[in-house]
Amino acid sequence: MHAARAVADTRASSGSGVDRMKYQKIGVVGAGVMGIGVAENLATTGHQVIVVDVAEEALKAARIQIDRSLRCAVLWNSGAPREDHSAILDRIAFTTEYEALSAVDFLVENSTERWSIKKEIYPRLDRICPPACVFAANTSAIAISRLADTTTRPDKVVGMHFMNPVPKKKFVEVIRTRLNSEATLLAVKEFLGQMKKEAILVNDMPGFVSNRVLMLMINEAIGVVQDEVASAHDVDRVFVQCAGHKMGPLATADLIGLDTILLTLDVLHESYGNSKYVPCDLLRQMVGAGRLGRKSGRGFFEYSK
Ligand code: NAD
């Protein structure tokens, strides 16, 4: 896919509501589970979106998945008049060319949860994107200030930890660093408002609030299965039926992606140097065997594609 073509496509197809918004053209880096959800949400709320991934296959799969999801959304929302799903999809350009991000107003980064990958992406974005552009890191656990340090605009790098599936979750865990300016925090509020979302503001430490806690719970739930205390099904039933959770920890792990859980635990272990974050053997084995959860069709549970 060509960058110039991709940008031209998004310009040609901007929706009628776009002109009133301060941040119109949005860059989305990474077309995996989260990039797909962020791009769909942005396009649905009237933004022009440029999705960049290094893998052509990921971009193709992302387009198919967003198309399917938009069609379902139209069916479920049968009561209210809605924009045609193809008009929404037309607002998204998919490309492997980072240069397509040269004129974005705001950027959300959703690449693989690996420091070795993200530390290369931020300086590259810093060179390509306009100086005023805010970078929102949708990382699970990497400290935002560490990412900010790789750029010449540390005041404009903020954490924006979206929940999965993005279009269905109203709240976002926003992570502010000591370096963030008030202008950046205002920009974040306005941008999330445009996405019809609200922020819960927390301070910058690896894993923030959600994953510093959730990853321990999921890892321990996997340990319970490993120790044959109960089946995956019964572990989740205890949380859903007895504790009243909407979803059990293992179904949650399958939704997030077991590969991402493993990488996130590795980041937390490295960051805190505490053995409580060492991933269970069973988790490593499942990831090694390609059982990644929903994204591969099988994790602790089975999913039809
Ligand atoms: P994923 O593995 O599904 O997708 C990651 C994508 O990044 C892949 O398509 C990959 O090709 C792409 N990528 C790798 N290197 C790249 C590069 N240099 N430039 C551009 N793209 C590149 O992962 P995901 O679940 O979408 O997670 C993405 C980020 O969001 C991670 O940091 C993760 O921790 C975080 N996150 C995940 C969840 C979740 O529920 N899965 C929730 C919140 C935050």
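Visitor: To start with, how many aromatic pairs does the structure hold?

Guide: Bear in mind that this is a predicted model. It holds five aromatic pairs. A pair of rings is described by the distance of the centres and the angle of the planes. Take Tyr122 and Phe135: their ring centres are 6.2 Å apart and the planes sit at 65°, so this pair is edge-to-face, the cut-off for that being over 60 degrees. The pair ties together distant parts of the chain, with Tyr122 in helix H5 (residues 115–128) and Phe135 in strand S5 (residues 134–137), 13 residues apart. Both Tyr122 and Phe135 are buried. Elsewhere, ring pairs join Tyr23, Phe106 and Phe191 into a cluster.

Then there are charges over ring faces. Arg124 lies over the face of Tyr98, 4.0 Å from the ring centre. Arg146 does likewise with Trp115, at 3.9 Å from the ring centre.

While we're at helix H5, have a look at Lys118, which is found there too. Lys118 counts as buried because its relative accessibility is 0%, and the cut-off is under 20%. Its side chain has a polar contact of 2.8 Å with the side chain of Glu109. Setting aside neighbours within four places in sequence, Lys118 is in contact with a list of residues that includes Glu109 again, along with Asn110, Ser111, Thr112 and Glu113. Also on that list for Lys118 are Asn138, Thr139, Ile142 and Leu147.

Definitions and conventions: Residues numbered from 1 in each chain as written. Predicted model: local features only at pLDDT ≥ 70, side-chain atom pairs only at ≥ 80, totals over all residues. Heavy atoms only, no water. Phe/Tyr/Trp six-rings, centres within 6.5 Å; stacked < 30°, edge-to-face > 60°. Helix = DSSP H or I, 4+ residues; strand = E, 2+ residues; numbered from the N terminus. Buried < 20%, exposed > 50% of the residue type's maximum accessible area, 1.4 Å probe, protein only. Lys NZ or Arg CZ within 6 Å of the ring centre and 35° of its normal. Polar contact = N/O pair within 3.5 Å; in protein donor to acceptor, adjacent residues only side chain to side chain. Contact = heavy atoms within 4.5 Å.
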